[in-house]
Amino acid sequence: MYLLRCIECGENFENELIYTCPKCGGLLEVVFDVSNADFRLDGNNVTLWKYRSLLPVRIEPVTLFEGGTPLYPVDVDVDARVFVKHEGLNPSGSFKDRGMTVGVTKALELGMKSVACASTGNTSASMAMYSARAGLRAYVLLPSGKVALGKLAQAMMHGARVIAIRGNFDVALKLVREISERKGLYLLNSVNPFRFEGQKTIAFEIVDQLGHAPDAVFVPVGNAGNISAIYKGFLELREAGYIDEIPKMIGVQAEGANPIYRAFVEGKDSIEPVENPETIATAIRIGAPVNARKALRAVYSSKGKVLQVSDEEIVSAQKMLAKQGIGVEPASASSLAGLLKEDSDFDTVVCIATGNLLKDPEEVMRVSGTPVEVDANISEIERLI
Ligand code: F0G
């Protein structure tokens, strides 16, 4: 029904326990025979496992009822119909749950006992949650002091072994790849091709909910897995005849962590790492995204682009969403921040909001202030109302 293919040299593999091509070192992707797709994109029962016929698992999935996230129309100052897909309403509060329901199921299917990841926070929170559900041991490497509190709290409470390293995410990822190899841990970072399969369902749901493909999809970009996965989802929908045109994939990076933006501006298909990435949006504080080549391909082939936004623009978009009842963490607001800077003509646009407001309460308190404290009597309160 599917096989693994190297995105660089095109070699096919049946062994599912490899992450990179044994021949050329390229990343792998799952290739489906999409003629097996058996779902209707009619807006009914939208949930991730509705698309099981295009998901690479053979056993009953480990699920916490992820997916089926709302697609909210929003009112912003651009000349297009704008929707926000609120991935922060997944079980652990981010889009990572889509990848984890598939990735953790795959770990069980392959008989693995332990899973591991490096993370800026959300991947670890999600992996901890799903591996707890599945009864797997979870090991997490985080950049010390740079993970938002809500995410750390989740990883700890769901029982992962959390190791904070004195180094950034890029270093943590290098280390976890090595330790997973040495200790036989199942690696659940986005070098794992099965995680993408879960994440591509964002594309399926957008078309399911809208009834058609939008003109453009704006995606916050860190390690660049999600934008690549969503693009893959649209490709499969086109191949299976559900849509005619692929939306423009528009990646948005933070100015202080912008290697893919730089590559795009120079028309390149690979990146120069940013040595010391820095941004308020800690989720996308990544200087050497492993999926950069995949993401750039998605952008170029869909005639999209990569934008960069400042921390101020991110916070302003975050507040704009909050005022419409949509609570997101800083990285998630970068997609809307990107749209607000973009001057192309679109009819329908979807911005992906990747994670929940509660993930980073400290940032929220910094940018929104503290409550007024008064004595407990009615006249004091009356004065304030
Ligand atoms: N938005 C949020 C809230 C994220 O947590 C991430 C990635 C992204 C956007 C970017 O997605 O990496 O696929 O380009 N977070 C990872 C983590 C790196 O460890 O949680 P990407």
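Me: Lys 50 and Asp 208, buried or exposed?
Reply: Both Lys 50 and Asp 208 are buried. Bear in mind that this is a predicted model.

Me: What do Lys 50 and Asp 208 form, and how far apart are the closest N and O atoms?
Reply: A salt bridge, with the closest N and O atoms 2.7 Å apart. Lys 50 sits in the loop between E3 and strand E4 (71-74) and Asp 208 in helix H6, so the pair ties together parts 158 residues apart in sequence.

Me: How many salt bridges in the whole structure?
Reply: The search finds 26. One of them joins the side chains of Glu 11 and Lys 23, at 3.1 Å from N to O.

Me: Is Lys 23 buried or exposed?
Reply: Lys 23 counts as exposed, because its relative accessibility is 59% and the cut-off is over 50%. Glu 11, at 30%, counts as partly exposed.

Me: And what about Lys 200 and Glu 197?
Reply: Their side chains meet in a salt bridge, 2.5 Å from N to O. Lys 200 is buried at 0% relative accessibility, and Glu 197 is buried with a relative accessible area of 0%.

Me: Switching to the surface: which residues gather in the patch of negative charge?
Reply: Asp 215, Asp 244, Glu 245 and Asp 347. Asp 244 is in the loop between helix H7 (225-239) and strand E11 (248-254), and at 71% relative accessibility Asp 244 counts as exposed.

Methods
Residues numbered from 1 in each chain as written. Predicted model: local features only at pLDDT ≥ 70, side-chain atom pairs only at ≥ 80, totals over all residues. Heavy atoms only, no water. Patch = residues over 30% accessible without salt bridge, like charges linked within 9 Å, V, L, I, M, F, W, Y side chains within 5 Å. Areas by Shrake-Rupley, 256 points an atom, 1.4 Å probe, with all protein chains shown as cover. Salt bridge = Lys/Arg side-chain N within 4 Å of Asp/Glu carboxyl O. Lys, Arg positive; Asp, Glu negative; His and termini not counted. Charge placed at Lys NZ, Arg CZ, Asp CG, Glu CD. Helix = DSSP H or I, 4+ residues; strand = E, 2+ residues; numbered from the N terminus. Buried < 20%, exposed > 50% of the residue type's maximum accessible area, 1.4 Å probe, protein only.
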